[in-house]
Amino acid sequence: MNALGHVLEHYVLLSSLIFSIGALGFLVRRNTLVQLMSIELMLNAVNLALVAYNRVHGDNMDGQMFAFFIIAIAAAEAAVGLAILLSLYRLRSTVNSDEADTLRH
Amino acid sequence: MSAGSLFFAVCGLVCLVGALFTVLAQNPIRGAMGLLATILGIAGLFMELHAQFLAAIQLIVYAGAVIVLFVFVIMLLGPDAGSAGPGKARASRWFGGGLAALLSGAALYLVGAHSTGATVFLPARPEHGTVEAVGGMLFGKGLVPFELATALLIVAVVGAIAVARSQNKKKSVEKPEGETRRMFVGPLHPRDAGHPIEKEPAK
């Protein structure tokens with residue numbers, strides 16, 4: 001048994017746990033706010049995995065650069081997603097994502 | 001148990017509890033606080049992984065900007081933010097949830113049980129993950145994606161403003177009919193010069 005936190009597999013396991021929680025939350029919850037927060041959870045889990053793998057390869061920092069760009073894109077995604085949510089709320093007076101079904105009818 | 005192991009255990013526990021809180025909370029404010037806990041825990045793990053620059057960026061961008069944006073929107077929606085109500089597409093929801101749970105369980109089993117031995121971290125170089133090293137790389141071989149990311153952020157901000165702007169601005173500008181607004185308070189014609197217009201009393 002290796003020391004906790006000094007082995008790559010511990011980080012990857014934690015990252016996949018957080019990603020699974022985020023994916024389940026996105027698919028099961030119908031509150032658009034909670035769904036956007038679940039997307040943020042998944043992006044954070046991927047960042048953790050990238051940085052952990054980068055720690056093994058000490059001679060370059062490509063993983064940290066990727067994580068940096070993921071953080072930038074996550075910020076843009078949150079802004080646009082919340083704007084769409086506000087637009088949906090003006091249209092339907094609810095944040096339930098089941099109500100966004102205009103294209104179906 | 002060494003200090004590093006204890007730090008990993010605390011941060012990992014904070015991450016997991018925060019993630020569960022985010023997904024399970026009925027009140028979105030509590031969900032946002034759970035997401036904040038997860039982000040703080042991941043920032044701590046970044047410190048443990050010799051990624052000081054990313055830990056700082058994580059705190060500034062996520063805890064400082066994204067969470068505040070979420071909380072602003074929750075405050076703007078008021079009590080409606082929590083009322084998701086019973087969903088219509090119940091079957092597809094549970095089908096999707098079950099499929100995701102199955103796949104997540106399979107992935108966790110593979111990661112947990114079938115890994116080919118432990119990959120122990122070697123001591124890192126002192127400049128690994130510092131602001132100088134990551135910044136030099138961002139402005140070296142990552143310059144083109146960096147500039148593209150700035151363009152993406154500008155487009156996202158302009159798009160968010162365009163989508164979220166309220167459409168009924170014209171109605172508030174229109175005046176009720178039959179009431180002209182007097183812009184000039186003096187006499188409009190020389191013949192009126194003898195009878196000065198009474199000024200409206202100041203409100």
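These legends describe close-up views of a predicted model.

**View 1. Crossing of helix H3 of chain A and helix H5 of chain B.**

**View 2. Residues at the contact of H3(A) with H5(B).** On H3(A), the contact is made by A:Gln64, A:Met65 and A:Phe68. H5(B) contributes B:Val134, B:Met137 and B:Leu138. By class, the residues of this contact divide into five nonpolar, one polar and no charged.

**View 3. The side of chain B that touches chain A.** Here 79 residues of chain B are in contact with 65 residues of chain A. The elements of chain B that give two or more residues to this side are helix H1 (3-24), helix H2 (28-48), helix H3 (52-77), helix H4 (90-113), H5 and helix H6 (143-164). H1(B) gives the most, with 12 residues. The residues of this side of chain B comprise 53 nonpolar, 21 polar and five charged.

**View 4. The two domains of chain B.** Chain B is divided into domain 1, covering 1-79, and domain 2, covering 130-164. The C-alpha centres of domain 1 and domain 2 of chain B lie 23 Å apart.

Definitions and conventions
Residues numbered from 1 in each chain as written. Chains lettered and ligands numbered in written order. Predicted model: local features only at pLDDT ≥ 70, side-chain atom pairs only at ≥ 80, totals over all residues. Contact = placed C-beta atoms within 7 Å. Helix = DSSP H or I, 4+ residues; strand = E, 2+ residues; numbered from the N terminus. Nonpolar A, V, L, I, M, F, W, Y, C, P; charged D, E, K, R; others polar. Domains from an automatic or database assignment.
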